[in-house]
Amino acid sequence: MFKRKDIQETRLNFLMSAMHKGCCISTSDVLAWMKKQNEEVQTEINQIPISELCGWKYRDDRVRHDSGRFFSIDGIRIETNYRDIPTWDQPIINQPEIGFLGFIVKKIQGVYHFLMQAKIEPGNLNVVQLSPTLQATRSNYTRVHQGASPKYLEYFTGEKDVYVLVDQLQSEQGARFLHKRNRNIIIEVDESDNIETFDGFIWLSLGQVKELISYPNVLNMDTRTVISCITYGNYSEHSLKLMSLLLKKKQDISDDYLYSVLSADNHLHELQDIIQWVTSLKFKYELDVKPIGISQMNHWIYDGNSIFHEEHKYFDVVGVNVKIGNREVVSWDQPMVRSAQEGLMGFLVKKINGIYHFLVQAKLEAGNFDIVEMAPTVQCLTGNYRAGKNEYTIPYLEYFMNAKKENIWYSTYQSEEGGRFFQEQNLNIIVEVGEEFPIDVDENYCWLTLNQMMSFVTYNNYLNIAARSLLSAIRFV
């Protein structure tokens with residue numbers, strides 16, 4: 001049975017955990033444990049022609065699973081008045097199922113700890129990455145594949161008495177998925193609950209989880225999106241003065257982050273004005289997405305082996321045969337999206353009225369539910385921008401390409417979701433700009449504090465997954 005806890009108490013508990021180094025294992029030992037997990041797993045992942053995928057067929061001008069479940073690769077045609085490209089065709093992943101992305105948390109020595117799973121995905125660069133306690137599509141947990149039921153599923157289906165701390169539907173990659181959402185959920189079990197820790201699972205504080213985001217490709221995308229849904233409370237300037245010992249214990253970026261996270265009063269734009277900004281752009285821009293057959297797509301080719309752009313840009317769809325030693329299903333075939341190059345996702349940050357603001361972009365993507373979502377300042381999913389081959393101008397890109405080392409707050413490569421994307425990583429970066437950078441910005445951009453962004457993440461389809469990935473990297477210790 002699902003129960004609720006006091007919201008303010010929960011937020012304080014999350015904040016305490018985010019500032020804690022963990023009670024169970026050191027972060028260095030976590031990295032050693034992950035290295036061991038990778039060394040012990042047996043994997044064999046080979047690219048094969050789509051036409052030879054077992055259990056999948058190219059029929060009705062799309063690639064589908066024989067069961068009609070899981071997902072399909074469809075063709076779409078987009079017409080829009082957003083930017084300089086009015087129409088294009090592309091393949092897209094059509095996966096209408098809503099899956100679980102969920103954490104179990106438990107107080108250990110009075111501090112929230114998250115039950116993490118060392119999970120293998122066929123598209124992961126380093127095979128094993130830290131994932132939520134439960135990561136499963138509806139087809140997975142209803143056992144369409146005839147495999148074992150995911151561990152801890154009963155804690156997320158109402159069979160167990162738990163407290164629900166976070167429960168949101170959040171969007172997936174809008175450029176690759178058609179109208180895809182997952183249930184991002186965090187539940188708490190009682191401190192006295194003697195929950196079994198299965199092999200391959202580990203308890204970490206939120207502070208440790210955030211520390212691990214500074215390492216490349218250790219935490220998977222699903223972990224990052226769920227923890228981005230955590231909020232830490234809204235405080236008046238008067239309340240924050242009472243917390244001054246906490247905020248000013250040291251003068252560094254962590255404290256500046258914390259002020260931007262907690263302050264509900266200090267901001268350039270009121271929340272209602274930001275909502276009006278987004279609403280006006282949803283009204284201005286049109287997004288017409290029509291399903292078409294793969295063979296009908298202009299500039300795309302399916303040759304039985306893969307689906308690819310005639311100029312080999314953007315991404316292609318390939319078939320893979322997967323053999324893994326410790327998954328519910330040890331061998332299977334599936335199509336996967338493979339990016340043409342690694343991309344870049346970055347926020348520009350500027351101190352305005354003594355508090356850090358992040359430059360947010362209203363970005364239209366083909367698979368968006370509601371036309372535009374708030375995205376990082378720059379979001380390029382492929383490396384075309386490096387060679388100047390983008391079809392449209394990318395505002396503010398030069399601030400990332402020419403950033404001085406002392407202005408870079410965060411920079412590391414992070415993987416995209418390894419269940420659908422084959423060995424894709426993108427540079428996640430946050431860069432501070434100075435007084436010379438104007439407060440007045442292009443129409444599609446707006447300055448938000450971290451507190452304001454976290455307010456929007458509590459609602460569906462406002463912050464896209466790239467923004468949430470970067471938001472998850474915000475550390476307080």
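## A buried asparagine in a loop

Asn266 counts as buried because its relative accessibility is 15%, where buried means under 20% relative accessible area, exposed over 50% and partly exposed in between (1.4 Å probe, protein chains only). This is a predicted model, in which local features need pLDDT of at least 70 and side-chain atom pairs count only at pLDDT 80 or more, while totals for chains, interfaces and linings use all residues. Residues are numbered from 1 along each chain as its sequence is written, and side-chain values use heavy atoms, with hydrogens and water left out.

To find Asn266, look in the loop between helix H8 (253-262) and helix H9 (271-284). Helices (H or I, at least four residues) and strands (E, at least two) are DSSP runs, numbered from the N terminus. The side chain of Asn266 makes a polar contact with the side chain of Tyr259 at 3.1 Å. A polar contact is a pair of N or O atoms within 3.5 Å; within protein, one must be able to donate a hydrogen and the other to accept it, and residues adjacent in sequence count only if both atoms are side-chain atoms. A polar atom of the Asn266 side chain also lies 3.0 Å from the backbone oxygen of Asn353.

How far apart are the end C-alpha atoms of helix H1? They are 16 Å apart, which agrees with the 16 Å that its twelve residues (7-18) should span at 1.5 Å a residue. The expected span is 1.5 Å times one less than the number of residues.

Within the helix, Thr10, Asn13, Phe14, Leu15, Ser17 and Ala18 are buried.

Strands S3 (residues 56-59) and S4 (residues 62-65) pair in the antiparallel sense over four bridges; two strands pair if DSSP finds at least two bridges between them. Trp56 stands opposite His65 in S4. Two residues sit between the strands of this hairpin, where Asp60 takes a positive phi near 55°.

Val127, in the loop between strand S8 (111-120) and strand S9 (128-131), has a positive phi near 65°. His299, in the loop between strand S14 (287-292) and strand S15 (300-302), has a phi near 75°. Val127 counts as buried because its relative accessibility is 19%, whereas His299, at 47%, counts as partly exposed.

Five of the five residues of strand S25 (residues 445-449) are buried, so the strand is largely enclosed by the rest of the structure. On one side are Tyr445, Trp447 and Thr449, and on the other Cys446 and Leu448. Strand S20 (residues 355-364) runs antiparallel to S25 and is joined to it by five bridges, with Phe358 partnering Leu448.

Helix H11 (residues 450-457) is mostly covered, with eight of its eight residues buried. Among them are Leu450, Met453 and Phe456.

## Enclosed spaces

How many cavities of 30 Å³ or more does a search of the whole structure find? There are five cavities of that kind. On a 1 Å grid over the protein atoms alone, a cavity is a set of points where a 1.4 Å probe fits but cannot get out, and lining residues have an atom within 4 Å of a point.

The largest cavity holds about 70 Å³ of space. Its lining includes Glu172, Met345, Gln379 and Asn464.

Key. 1 Å grid on protein atoms, 1.4 Å probe; cavity = no way out; pocket = protein on both sides within 12 Å on 5 of 7 lines; lining within 4 Å. Points joined across faces, edges and corners; volume = space filled by probe spheres on them.
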